Amino acid sequence: MSRRKFDEMSDYDSGRDRKRRRNDAVEIEDRLESLIIRVGEKSTSSLESNLEGLASVLEADINNYKTKILKILSDCAVKMPEKTTIYTTLVGLLNAKNYNFGGEFVDLMARKLKEALKSCYWKTARYVLRFFADLVNCHVISTNSLLQLLHTFLDTARDDNSPQVRSDTYVYAVLSCLPWVGRELYEKKEQDLERLLKHIEIYVRKRGRKHVPGLRVWRSDRPHPQEEYLDCLWSQICKLRSDMWQEKHIARPYVAFDSILCEALQHNIPPLTLPPHNQDNMYPFPWVVFRLFDYTDCPEGPVLPGAHSIERYLIEEHLHNIVKEYHLERKQCAAFLLDFPLKHKIPLEYMIVEVVLAELFHLPGPRYIEICYGSLLIELCKLQPATMPQVLAQAVELLFDRIDTMNVCCFDRFVNWFAYHLSNFQFKWSWDDWLEASQLDPTHPKAKFVIEVLQRAMRLSYRQRIAEVVPEQFDCFVPNKPEPNCKFFTEAGADIPGSNTAQRLESIIRAKGTSTEVIQALSELPNPLRENDETDPPYNPLQIQVFVQTLLHLGAKSFSHAFAGISKFLKVFEALVGPHEEAQILVLREMHEVWHHHQQMMVMLIDKFLRTQIVRCASVATWVFSKDMMPEFTKNYIWEIIHATIRKMNKHVARLQREVNDARERRTGHDSDDSSTDEEEQRPRPTEEEIERMEEKLETAQADQKNLFLIIFQRFIMILSEHLVRCDTDGRDFNTHWYRWTVGRLNQIFMMHNTQVERYSQTLSTLLFTQDLDPHILDAFNQFIALRT
């Protein structure tokens with residue numbers, strides 16, 4: 001064999017060996033990752049023996065795979081908080097076997113904490129702090145080192161130059177780790193622990209609570225107090241302290257290894273300097289803890305932990321984490337919730353329902369889309385048919401009983417969820433239990449709830465079906481038949497001005513006439529706004545009435561027919577309506593006249609008008625607050641329209657902002673960015689003039705957004721002020737159902753669109769929400785401002 005051929009074969013063999021070794025290394029790393037992630041799952045062996053075996057396996061591989069093992073453990077510490085004590089025990093065993101590895105892990109977690117605080121990953125920071133706290137129990141970290149870190153967090157409470165939400169976030173992180181380490185600190189550093197708690201107590205007492213009323217699901221504290229999250233957790237920690245820091249929920253596997261762990265050397269957490277407050281920092285919103293059940297609501301069996309017991313906090317947090325982890329997979333989520341550890345020691349169904357409803361009613365808004373919670377509750381009913389439907393029905397009854405004081409945002413979500421839930425169970429419900437609602441004022445919350453549920457249910461079914469499932473006493477609540485009412489095509493319509501043109505226009509459109517033919521037919525109509533031959537009004541209201549009513553009459557068969565008609569005759573709308581706000585409002589008024597018995601059709605048509613730019617967002621807001629719409633003002637569909645309009649404007653501004661940012665990056669970043677893809681390189685580099693034009697469009701859109709909010713809030717102030725003055729003059733109580741609904745809707749605008757409204761808070765404070773405004777109206781604005789301060 002030639003020397004050259006031999007060398008070639010040697011190179012081939014060595015390359016194949018390297019590839020095999022690389023594949024073997026990846027295989028071992030994957031096996032280690034699987035072992036670490038799955039520790040603590042159901043097994044034939046005990047958790048203690050599994051941990052001992054895993055610690056031995058990892059110790060043997062530390063020299064070769066230390067970086068990988070460190071990364072997996074640090075990720076698990078943050079991403080699997082429900083297994084905190086399992087992983088702290090594992091780290092403790094490894095530290096006892098390899099002191100240097102323990103030190104490297106502590107340093108890595110300290111860097112993770114620092115990065116999380118810098119990047120505003122508050123939940124990650126809280127879980128790292130909790131992990132450090134539990135490592136004290138495993139003799140990995142010294143108690144003095146942890147106490148120093150906790151005091152560093154609490155130093156934010158003394159910072160008068162940062163918002164309260166920042167201090168709240170740090171104090172909450174400290175409080176939430178005490179259930180894990182409180183007993184250890186009490187036994188070894190009792191005076192230091194008491195000093196820490198005194199520091200927290202002083203802060204909790206002095207902090208502002210202006211934001212709390214706007215975050216409450218109910219205005220009333222009966223039967224359950226509506227406690228703000230930090231106040232509630234502080235009360236739970238105080239109860240835990242009075243119980244000598246003994247809790248019954250946290251599994252502590254490290255107790256079995258105490259003789260091994262207590263021999264290990266401990267590490268100190270590297271000193272940490274908290275990042276200073278920055279105006280761009282986003283802190284978690286405060287929230288009010290949702291309470292629906294107490295122990296008297298649960299039948300015989302396990303007792304529901306008290307509202308101030310630490311077990312209630314620990315169980316609820318665990319359930320919330322399960323929802324967070326599996327919310328995209330409702331079947332998995334439901335299965336994991338029902339398979340909760342220690343489920344035989346608590347009334348699990350009650351706690352699950354309370355947690356899911358807490359997520360649904362969370363303010364300012366739920367974490368996930370509302371349908372997520374509805375589908376999860378249905379899945380829970382399927383998996384646990386013997387108990388879950390009854391618990392959920394009991395929850396609905398309690399919510400209905402307390403609906404008089406329910407927050408308007410939560411009222412809307414309750415309506416939407418309940419209608420959806422009924423649609424999955426053939427609309428069967430014990431309606432007879434709610435017959436009292438039929439005797440109440442239609443604006444009373446109980447009556448209104450039934451009305452809105454039936455309206456929403458009709459969207460998910462059909463009117464006749466809804467009329468059949470409810471008792472006769474509810475006939476007054478059943479929605480009207482969703483039929484159009486076109487005045488030009490009724491028996492009395494022949495005498496209305498423009499009726500002949502409407503008949504001719506109908507023939508033209510049926511014959512597939514063009515926009516030109518339609519405009520020509522409408523041009524014959526006189527203009528009621530023309531006072532003499534010299535003036536030329538900007539639009540002709542009679543033309544708009546005839547055209548809109550005729551077009552909607554012909555498109556009445558379905559949404560698709562109506563949309564197709566609007567799209568086909570956009571040029572006619574452009575010619576008749578144009579940019580004139582009065583003309584746009586007239587389009588909306590005529591649409592409402594035709595379809596006032598079909599709420600969903602009105603919602604969809606206005607969305608189409610906005611997308612095709614027939615009407616502007618500001619025109620929709622002005623129309624909603626007009627005198628013509630006052631009878632409809634408290635109905636849910638009106639606010640569905642308002643919020644959809646605001647969202648459309650917000651999305652438009654956000655899209656233009658992204659385009660400007662993208663253009664700036666392409667303008668300045670091409671030269672320096674070596675990692676740009678071929679597709680990005682092929683895109684033309686924008687010129688300065690193009691960017692300026694894009695920025696002008698963005699500024700115009702932002703001005704329109706600002707104007708929209710100004711119109712809405714100004715109209716709210718006007719109608720509420722008029723109501724208060726009128727009641728004062730007449731000597732009547734101003735606190736009517738209408739007043740509470742209207743103030744609730746004002747709060748809802750602040751809550752649902754808080755990010756966008758916050759940009760213009762200074763302008764709103766200067767122009768509208770001034771100190772001379774009635775305190776009843778000003779409170780809503782002050783509560784909103786307090787959310788971020």
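Reader: How many cavities of 30 Å³ or more does the count come to?
Author: The count comes to three cavities of 30 Å³ or more, where a cavity is a set of points on a 1 Å grid over the protein atoms alone at which a 1.4 Å probe fits but cannot get out. Grid points are joined across faces, edges and corners, and a volume is the space filled by probe spheres set on the points. Please keep in mind that this is a predicted model, in which local features need pLDDT of at least 70 and side-chain atom pairs count only at pLDDT 80 or more, while totals for chains, interfaces and linings use all residues. Residues are numbered from 1 along each chain as its sequence is written, and side-chain values use heavy atoms, with hydrogens and water left out.

Reader: OK, and which residues line the largest cavity?
Author: The largest cavity holds about 90 Å³ of space, and its lining, meaning residues with an atom within 4 Å of a point, consists of Arg219, Ile403, Asp404, Met406, Val408, Phe411, Pro445, His737, Arg740 and Trp741. The largest share, three residues, comes from α31; α31 (737-752) and α17 (408-423) each supply at least two. Helices here are DSSP runs of H or I with at least four residues, numbered from the N terminus.

Reader: How does that lining divide by class?
Author: It has six nonpolar, one polar and three charged residues, with Ala, Val, Leu, Ile, Met, Phe, Trp, Tyr, Cys and Pro counted as nonpolar, Asp, Glu, Lys and Arg as charged, and the others, Gly among them, as polar.

Reader: What about the second largest cavity, which element gives the most to its lining?
Author: That is α18, with four residues, in a cavity of about 60 Å³. Among the lining residues are Glu452, Gln455, Arg456 and Arg459, along with Asn636 and Tyr637. The elements giving two or more residues are α17, α18 (445-459) and α28 (636-669), and by class the lining has two nonpolar, four polar and four charged residues.

Reader: Switching to Thr634 for a moment, is it buried or exposed?
Author: Thr634 counts as buried because its relative accessibility is 11%, buried being under 20% relative accessible area with a 1.4 Å probe and protein chains only. Thr634 sits in the loop between α27 (617-624) and α28.

Reader: And what is Thr634 in contact with, neighbours within four places aside?
Author: With those neighbours left out, Thr634 is in contact, that is, has heavy atoms within 4.5 Å, with Lys448, Trp639, Trp738, Trp741 and Arg745. Trp741 also belongs to the lining of the largest cavity.

Reader: Now the open ones: what volume does the largest pocket have?
Author: About 1500 Å³, a pocket being an open set of points with protein on both sides within 12 Å along at least five of seven lines. Of the 42 residues that line the largest pocket, Gly40, Glu82, Lys83, His318 and Pro341 are the closest to its centre. α12 gives the most to this lining, with eight residues, and the lining divides into 18 nonpolar, twelve polar and twelve charged residues.

Reader: Which element gives the largest share to the second largest pocket?
Author: There, too, α12 is the answer, with six residues. The second largest pocket has a volume of about 1100 Å³, and of its 40 lining residues the closest to the centre are Lys123, Tyr172, Trp287, His362 and Arg367. By class, that lining has 24 nonpolar, seven polar and nine charged residues.

How values were computed:
Buried means under 20% relative accessible area, exposed over 50%, partly exposed in between (1.4 Å probe, protein chains only).
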